Amino acid sequence: MPELFNKEAIFVSQPVVELTNASIEYTSRVGLFKEFKHTALNNISLEIYEGDVFGVLGKNGSGKSTLLKVLAGIFALDIGQISCKPGLSKALLSLGLGFNNQLTGRDNALISCMLNGLSKKVAKQKVEHIKEFSELGVFFEQPVKSYSAGMRSRLGFSAGLVLNVDLLLIDEVLSVGDQSFKQKAEKAMLDKLAGKQTVVFVSHNENQIQRLCNRCVWLEGGNLMAYGETSQVLTKYRSDCNNAA
């Protein structure tokens, strides 16, 4: 697959998002007098620049989705701070995040477009593109509660694809569904990246990270293990995986 950018590029502009010493800890009760504490993010500092395709790599429970929700403004930090470029618009593509299970795919797509600032007239036009791209057919007119994970992924990705935002946050939406749609979705995302779209992309798939991302971070147990240019981070990640095998 052809490269869309110079992965060795050095960014000299101000970051569009900057995390400084970011930490989040969850506390839950596991008994009458006992609590369980889990550190989802532990003292994370990183920067994302305009035009970055920034990958977030790690195993289940490593803090990837938590990091994305912090960047989206859904989760507040316990410690540290997040700074965003003034006026920065963001959209989070996640499996069914924000979908109303009782509403149809069409209604959810329409609401998604309008919540991101489109007029009802323009949103209705966009919905037809969402329907076509998602390939949901008659299910587009059915309640989302009847959808499989793959169908939710199709709807979520297709709805996010039509939005024009400064920062696109993608959480594993290319990890489910059939292979033909994954390839179609990845090509569509590459086309969007060619237009200088800034993206933060969460994936378990290191090959996908390698193909799409110029910079990335590797998280493990909420800790930052490596951060920087993709090839360097992947070298460390693969070395760790081989040593653990």
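Let me start with Lys184 and Glu135, whose side chains form a salt bridge, with N and O 2.8 Å apart. Lys184 sits in helix α5, residues 179-194, while Glu135 is in the loop between α3 and α4, so the pair ties together parts that are 49 residues apart in sequence. Keep in mind that this is a predicted model. Lys184 is partly exposed, at 27% relative accessible area, and Glu135 is also partly exposed, at 44%.

As background, side chains of opposite charge can pair when their charged atoms come close. How many salt bridges does a search of the whole structure find? The count is 8.

A second one joins Arg106 and Glu128, where the closest N and O atoms are 2.8 Å apart. Here Arg106 belongs to helix α2, residues 105-115, and Glu128 to helix α3, residues 120-134; the two are 22 residues apart. Arg106 counts as partly exposed at 24% relative accessibility, and Glu128 is partly exposed at 40%. This pair is also part of a network of salt bridges that links Arg106, Glu128, Lys131 and Glu141.

The next pair is Lys85 with Glu50, at 3.9 Å from N to O. Both partners are in loops: Lys85 in the one between β4 and β5, Glu50 in the one between β2 and β3, 35 residues apart. Lys85 is partly exposed, with a relative accessible area of 41%.

Now to strand β4 itself, residues 79-84, which contains Ser83. Which residues does Ser83 touch, leaving out those up to four places away in sequence? They are Val16, Val17 and Glu18. Ser83 and Leu19 are 64 residues apart in sequence, yet their C-alpha atoms are 6.6 Å apart in space. Ser83 is partly exposed, with a relative accessible area of 35%.

Next, helix α1, residues 64-72. Its buried residues are Lys64, Thr66, Leu67, Leu68, Val70 and Leu71. In general, an α-helix has 3.6 residues a turn, so residues three or four places apart point the same way. Just after α1 comes Gly73, with a positive phi of about 85 degrees.

Last, the chain as a whole. It has 7 helices and 9 strands. Of its 245 residues, 44% count as buried. The chain exposes about 12500 Å², and carbon and sulfur atoms supply 51% of that area. Among contacts with a separation of 6 or more, 68% are between residues 24 or more positions apart.

Note on methods: Residues numbered from 1 in each chain as written. Predicted model: local features only at pLDDT ≥ 70, side-chain atom pairs only at ≥ 80, totals over all residues. Heavy atoms only, no water. Helix = DSSP H or I, 4+ residues; strand = E, 2+ residues; numbered from the N terminus. Buried < 20%, exposed > 50% of the residue type's maximum accessible area, 1.4 Å probe, protein only. Contact = heavy atoms within 4.5 Å. Areas by Shrake-Rupley, 256 points an atom, 1.4 Å probe, with all protein chains shown as cover. Salt bridge = Lys/Arg side-chain N within 4 Å of Asp/Glu carboxyl O.
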